[in-house]
Amino acid sequence: MTYRDLPKVELHLHLEGAAPPAFIRGLAQEKNIDLSGIFDADGGYVFRDFEHFLSVYEAACEPLKSPEDFYRLTKAVLQETASHGVIYAETFISPDFCGGGDVAAWRDYLDAMAQAATDCETSDGITLKGIVTCIRHEGPEQAKKAAKCAVETMGDFLTGFGMAGAEMMHRPADFAYSFDMAREAGLALTCHAGEWGGPDMVAETLDALKVARLGHGIKAHRDLDLVKRLADEGIVLEVCPGSNVVLKAVDGWVSHPIAKLRDAGVPVTISTDDPPFFHTTMTAEYEALNKTFGWDETDFLELNKTAINAAFCDDATRAGILKRLEQA
Ligand SMILES: [Zn+2]
């Protein structure tokens with residue numbers, strides 16, 4: 001079995017960020033939107049640094065206007081993701097990009113994404129759940145709108161709430177209202193932290209937002225007490241090594257702290273974040289981890305079990321995916 005065929009669970013995937021470049025180019029052409037500046041000669045996305053990445057990302061989202069566009073996007077992403085062996089994925093979706101935070105408008109977009117998920121579960125054997133993310137750099141007031149959208153539309157498909165965006169803007173506590181609202185409604189919680197911020201940001205996020213998982217969380221390795229806390233409390237890290245390497249959140253694969261964190265008992269999982277932007281896939285992540293740390297199929301089975309046990313899904317779905325992982 002190759003790493004491509006190995007069944008996988010992916011918890012950290014931004015829907016728009018996973019858009020295949022060819023899909024976005026095609027959609028832009030249909031709508032006469034000029035996006036030539038965001039692609040390189042090979043047709044991939046091109047950017048200089050994290051700030052520029054955020055603006056290229058927003059430009060790539062421009063052709064995505066209607067619920068129908070999001071139906072097609074979700075399908076394109078799921079087909080690509082499933083082609084790398086992923087059998088269960090969770091994706092970050094944002095009411096800010098889908099109706100500007102208006103609940104009625106959001107509902108139409110969400111229905112379209114959920115329908116695509118249902119269709120791909122049948123055609124491609126991949127299960128998808130949605131996590132509404134507020135966008136940190138849009139501020140706490142806009143985050144409340146995203147949280148309200150999430151609470152009003154949670155259900156079988158929409159199961160979680162989180163936060164993405166520029167980590168160094170605002171403090172976690174500024175968003176406590178939105179996370180409290182989501183938690184009280186029964187949504188599961190995750191938040192990007194410790195990608196750019198240090199251990200203090202990770203600790204503050206845990207204290208203020210009481211999340212079960214952290215997006216990245218890798219900078220926690222600089223504080224051994226915090227590492228122990230993550231291990232003791234079973235805080236699951238959604239680690240995206242290829243993303244960290246390309247965005248220079250770490251110096252390179254060899255110095256990536258994922259192995260150290262895992263050895264210290266922190267539950268770590270593997271994801272691609274925004275795969276075409278970082279020229280990665282789940283297959284490429286596994287191959288790089290194998291090459292760098294010698295991890296093999298036994299290690300990956302353990303990581304995938306950690307991921308599905310931390311997934312924001314119902315028990316029947318979890319049991320079904322666990323069975324598929326173990327039978328491979
Ligand atoms: Zn992310």
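Two residues are in contact here if their C-beta atoms, placed from the backbone, lie within 7 Å. The term is used below for a predicted model.

By that criterion, Met113 touches Phe70, Tyr71, Thr74, Ile93 and Gly130, leaving aside residues up to four places away in sequence. Met113 also belongs to the largest nonpolar core, which has 98 residues, and is listed with Ala150 and Ala311 as having the most contacts inside that core. Helix α4, residues 103-124, supplies the largest share of this core, nine residues. The core draws at least three residues from each of two domains: domain 1 (8-19 + 72-327) and domain 2 (21-63).

The protein as a whole comes to 13 helices and eight strands. Its radius of gyration is 18 Å, close to the 20 Å that the globule rule gives for 328 residues, so the protein is as compact as a globular protein of that length. Along the principal axes, the C-alpha atoms fill a box of roughly 50 × 45 × 45 Å. Of the 328 residues, 49% are buried. Among contacts between residues at least 6 apart in sequence, 74% join residues at least 24 apart.

Ala328 lies in the segment after α13 (315-327). Not counting residues up to four places away in sequence, Ala328 touches Leu6 and Pro7. Ala328 and Leu6 are 322 residues apart in sequence, yet their C-alpha atoms are 7.3 Å apart in space. Is Ala328 buried, exposed or partly exposed? Ala328 is partly exposed, because 15 other C-beta atoms lie within 10 Å, whereas a buried residue needs 20 or more and an exposed one has 12 or fewer.

Definitions and conventions: Residues are numbered from 1 along each chain as its sequence is written. This is a predicted model: local features need pLDDT of at least 70, side-chain atom pairs count only at pLDDT 80 or more; totals for chains, interfaces and linings use all residues. Helices (H or I, at least four residues) and strands (E, at least two) are DSSP runs, numbered from the N terminus. The radius of gyration is taken over C-alpha atoms; the globule rule is 2.2 Å times the number of residues to the power 0.38. A nonpolar core is a set of buried Ala, Val, Leu, Ile, Met, Phe, Trp, Tyr and Cys residues joined through C-beta atoms within 7 Å. Domain bounds come from an automatic or database domain assignment.
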